[in-house]
Structures are given as C-alpha cells and as structure tokens.
Amino acid sequence: MMRTIFLVCLLWLQTAMAQESLLTLDYCQQEARTNYPLGKGKVLLESSLEVQMENLRTNWLPQLWLNGKVSWQSDVPGVSLPGVNAPQAPKDQYSVNLDVEQLLFDGGRNRERLKVEEASQSVDLQSLEVQLYELRKRVNNGYFTVLLMRTSKQVLEHKDRILKERLKEVASAVASGTALAANEKLLQAELLLIEQQLQELEAGEKAALDILSVLMGKSLTPGIPLQTPSVDLQLEQAQNRPEYLWYQRKREVLNAQVDLLQKDRMPLFSGFGQVGYGNPGLKFLQDEFDSYYMVGARLRWNVFDWKKNRRKRRLLDLQKELIDTREESFTTNLDAELKSQMRKVDQYKVLLAKDDAILALRQEVTKSAASQLENGVITSADYLEELDREVQARLNQQVHGILLEQAKVEYNRIAGKI
C-alpha cells in the first residue's frame with residue numbers, strides 16, 4: 001500500500017515538473033513584456049512626470065530674488081538754486097535688494113498646465129504600449145520557428161529510422177548476392193544527407209531559441225518542450241489595438257492645450273515686496289547708505305494680442321484633423337491586413353483538408369516500393385524517390401498544421417486580441 005502511494009506521488013511530482021517546464025506562447029509573451037528593456041520606460045516616464053508636476057506646483061510658492069548693483073554715472077538728478085547748497089544724488093551708487101513676488105491669481109493657467117503634462121505623459125506611456133505590442137510579432141515568429149524546426153526534425157528522424165531498417169535488408173541482400181552494392185551505398189549516402197539536414201535544423205532551432213531568450217530575458221535550453229497553441233479566431237473589429245488608445249490620448253492633449261490657450265487670455269494678479277540696503281536709498285537725493293522696503297500689487301493683462309491666441313487654437317484644430325486622418329488610414333490598413341491574414345488561414349485549412357488523404361496514399365505507394373526493393377524489382381534510387389514523396393507529404397501535413405495556428409495567432413495579434 002505504501003509503495004503504491006509512493007509511486008502515485010512520484011508520478012504526480014514528475015507530471016507537475018513537466019508541466020512547469022512546458023513553454024507556452026502566452027508565457028513567452030508575458031516574459032518578453034516584463035523583461036524587455038523598453039518596458040522599464042514606464043517607470044522612468046512616471047518619475048519624470050512627478051518631477052515636472054512638482055516644478056509646476058512651485059509656481060504658487062513665493063518667488064525670491066537677491067539682486068545687487070554697483071554703478072557710477074556721469075550725471076545725477078539734483079536741485080539747482082542760487083546761493084543754496086541743494087542736495088543731489090551720488091554718482092557712485094550701491095544697492096542690495098531682496099525681491100519677493102507671490103502669484104495671487106493666474107486665471108487657471110497653472111491648473112491647465114498640470115492637465116497638459118498629465119495628458120502628454122499618457123501619450124508617451126501609450127506610445128510605449130504600441131512599441132511593446134509590436135514585440136508580440138517577434139515573439140510569435142521566434143516561437144513558431146522553433147516549432148517548425150522541431151517538426152521538420154521529427155519527420156526526418158522518422159525517415160532516418162525507416163532507411164536504417166531498409167539498409168539492413170539491402171545489406172543482407174548484397175551479402176547474399178541478390179542485390180547490387182550500389183543500392184547499399186545509395187542508402188548510406190541518403191542517411192548522411194539526413195544527418196546533415198538534422199544538423200542544419202538544430203542550428204536553426206538554436207538560433208530561434210536564442211532570439212526568444214534575448215526577448216524574454218531568460219536562457220532557454222535547446223531541449224525545452226514547447227506547446228503547440230490551439231487558437232480561436234478573434235473575428236470582432238480590431239478596436240483593442242493600442243494605437244487607437246494612442247490617438248485618443250493625443251486628442252486629450254490637444255484639448256488640454258486648447259483649454260490652456262483660453263486661460264492665457266485671463267489677467268495675472270500678484271503681490272510683491274522689496275527689502276534693500278544701499279546708497280542712495282529711496283531718498284535718492286540723499287548721499288548716504290540707508291535701508292528701505294516696498295510692498296505692492298501688480299496686474300498684468302495682455303488685452304490685445306493681434307489674434308495670436310486665436311491662430312494657435314486654429315493650429316490645434318488642424319492637428320486634431322490630422323490625428324483623425326491618421327486614425328482613418330490606420331484603420332484602412334488594418335482592415336486590409338486582417339483580410340489578407342484571413343486568406344492565409346483559409347488557405348492552410350484547405351491544404352490540411354487534403355494532407356491526410358495524400359499522406360495515406362503516399363504511405364501505400366512507399367510500402368509497395370519497399371516490397372519491390374526487397375524482391376529486387378526496383379533499385380534503391382526508385383525506392384528513395386517514393387520515400388521522399390511520403391516524407392514530403394508527412395512534412396506538409398505537420399507544417400501546415402503549425403502554419404495554420406501561426407496564421408490564427410497573427411490574425412488575433414493584428415485584431416488586437418491579447
């Protein structure tokens with residue numbers, strides 16, 4: 001009883017480990033998105049926005065300037081009266097001032113600038129999403145390349161096993177004098193060719209795995225198992241593409257800039273103060289050092305700007321129209337791309353529908369050719385020709401199945417299905 005429980009637990013553990021090591025396309029996509037260097041740009045953009053927002057918030061804090069001046073002038077103001085020693089300002093002047101200004105009313109400018117910065121950062125973040133979405137295609141290509149290489153290897157290994165069995169029979173016939181030695185050598189040469197082709201496929205598989213490793217930020221071993229995806233088509237309109245949200249975010253930036261332009265027409269009101277020490281002080285006709293201060297309020301309003309603000313708003317309207325045009329063009333190209341991809345899906349479905357029948361017929365022909373080779377009716381070259389046709393039919397069947405799933409995955413990617 002205990003031995004049975006132990007075996008069951010061991011089998012469960014092996015199954016769990018096998019499932020953990022099984023590489024899926026979704027997992028590759030998630031890892032690529034997480035580890036790709038471009039994904040770290042989101043954190044940097046958020047940090048830069050916070051810095052910019054802090055800068056804008058300081059507009060409501062008091063602004064302080066320390067000013068100093070030393071000068072000498074050829075003429076100075078004074079009072080000229082006959083017989084009177086009238087005071088006049090000194091020709092050498094010195095002053096140190098601390099100026100303070102506090103914004104009291106800005107017409108909502110700063111609030112709108114904050115909105116513009118937030119909207120602009122949303123555009124930058126969405127631009128990253130668009131670039132990361134394009135990464136999905138590269139991951140798909142690498143993943144399915146590995147699957148195609150492995151499928152081709154399996155078919156060639158199947159051919160290798162058949163030829164080795166056939167070589168034993170031919171070698172026996174050659175030894176007994178019922179077959180020519182050339183038949184044996186032809187099979188040996190074909191086996192060497194298969195070995196060479198397998199080496200090429202292994203190199204291609206390793207190159208594709210290296211690409212996936214770089215994109216995912218993980219080292220993938222050559223023997224790691226891959227799951228062949230089984231995909232359902234996303235036939236709805238492609239409204240989930242990140243580009244559409246980018247167009248929306250771009251419009252939000254332009255709308256925020258329009259609101260800011262409207263606030264720019266409002267007056268600015270601020271309070272100010274000055275504390276200083278110099279010669280002369282505020283009594284500019286008195287030649288001595290003195291301290292002084294001043295407080296007041298300031299109003300600034302650009303009453304007439306020669307329609308400059310209106311022209312800026314017109315430029316923003318034109319940019320909105322340009323965004324609409326770009327979105328329409330993107331939708332048109334996307335629809336054309338989806339139709340083209342759907343044709344590929346239909347094409348592979350048609351090919352797969354015939355592959356089973358073709359392979360069954362080729363197997364029967366090869367079986368008959370093997371019997372003829374064994375009886376000396378045909379040569380090894382004749383047999384290899386029929387075997388190659390069967391192998392090609394088997395390879396077509398396997399490859400068309402993978403290409404169909406790849407076509408469906410690509411269709412869903414174009415349609416925006418995540």
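A residue is described here as buried when its relative accessible area is under 20%, as exposed when that area is over 50%, and as partly exposed in between, with a 1.4 Å probe and protein chains only. By this definition Ser 95, at 15% relative accessibility, counts as buried. The structure is a predicted model, in which local features need a pLDDT of at least 70 and side-chain atom pairs count only at pLDDT 80 or more, while totals for chains, interfaces and linings use all residues. Residues are numbered from 1 along each chain as its sequence is written, and side-chain values use heavy atoms, with hydrogens and water left out.

The pLDDT, which is the predictor's confidence in each residue on a scale from 0 to 100, averages 88 over the chain, and 92% of the residues score at least 70. Over residues 1–20, however, the pLDDT is below 50, and this stretch has zero contacts in the model beyond near neighbours in sequence, a contact meaning heavy atoms within 4.5 Å.

Helices (H or I, at least four residues) and strands (E, at least two) are DSSP runs numbered from the N terminus. Helix α4, residues 109–176, packs with helix α5, residues 181–216, at an angle of about 160°, and their axes are 8 Å apart. α4 is therefore roughly antiparallel to α5, where angles over 145 degrees count as roughly antiparallel, those under 35 as roughly parallel, those from 65 to 115 as roughly perpendicular and the rest as oblique. Axes are lines fitted to C-alpha atoms, for helices over the stretch in contact, and the angles run from 0 to 180 degrees between N-to-C directions. The crossing of α4 and α5 is left-handed, a term used if the near helix is turned anticlockwise from the far one by less than a right angle, with right-handed used if clockwise. In the contact of α4 with α5, the residues divide into 21 nonpolar, seven polar and 12 charged; Ala, Val, Leu, Ile, Met, Phe, Trp, Tyr, Cys and Pro count as nonpolar, Asp, Glu, Lys and Arg as charged, and the others, Gly among them, as polar.

Helix α5 also meets α8, the two axes coming within 9 Å and crossing at roughly 30°. To this contact α5 contributes Asn 183, Leu 186, Leu 187 and Glu 190, and α8 contributes Ser 380, Ala 381, Leu 384 and Asp 388. Four of the residues in the contact of α5 with α8 are nonpolar, two are polar and two are charged. Asp 388 counts as partly exposed at 30% relative accessibility, and, with residues up to four places away in sequence not counted, Asp 388 touches Lys 159 and Glu 190. Between the C-alpha atoms of Asp 388 and Lys 42, which are 346 residues apart in sequence, the separation in space is 53 Å.

Elsewhere in α8, which spans residues 380–415, lies Gln 406. Gln 406 is buried, with a relative accessible area of 19%, and touches Asn 140, Asn 141, Phe 144 and Leu 148, residues up to four places away in sequence not being counted. Helix α2, residues 25–35, has Leu 25, Cys 28, Gln 29, Glu 31 and Ala 32 as its buried residues, and the buried residues of α2 pack against α4, α5 and α8.

Within α4, Val 130 counts as buried at 18% relative accessibility. Leaving aside residues up to four places away in sequence, Val 130 touches Pro 242, Glu 243 and Trp 246.

Ser 95 is placed in strand β2, residues 92–105, and its contacts, not counting residues up to four places away in sequence, are with Asn 67, Gly 68, Lys 69, Tyr 277, Gly 278 and Tyr 292.

Most residues other than glycine have a negative phi, and most peptide bonds are trans. The peptide bond from Asn 279 to Pro 280 is cis, with omega near -5°, and Pro 280 lies in the loop between β3 (268–279) and β4 (290–300). In the loop between β4 and α7 (308–374), Trp 306 has a positive phi near 60° and counts as exposed at 64% relative accessibility. Lys 307, in the loop between β4 and α7, has a positive phi near 65° and counts as partly exposed at 46% relative accessibility.
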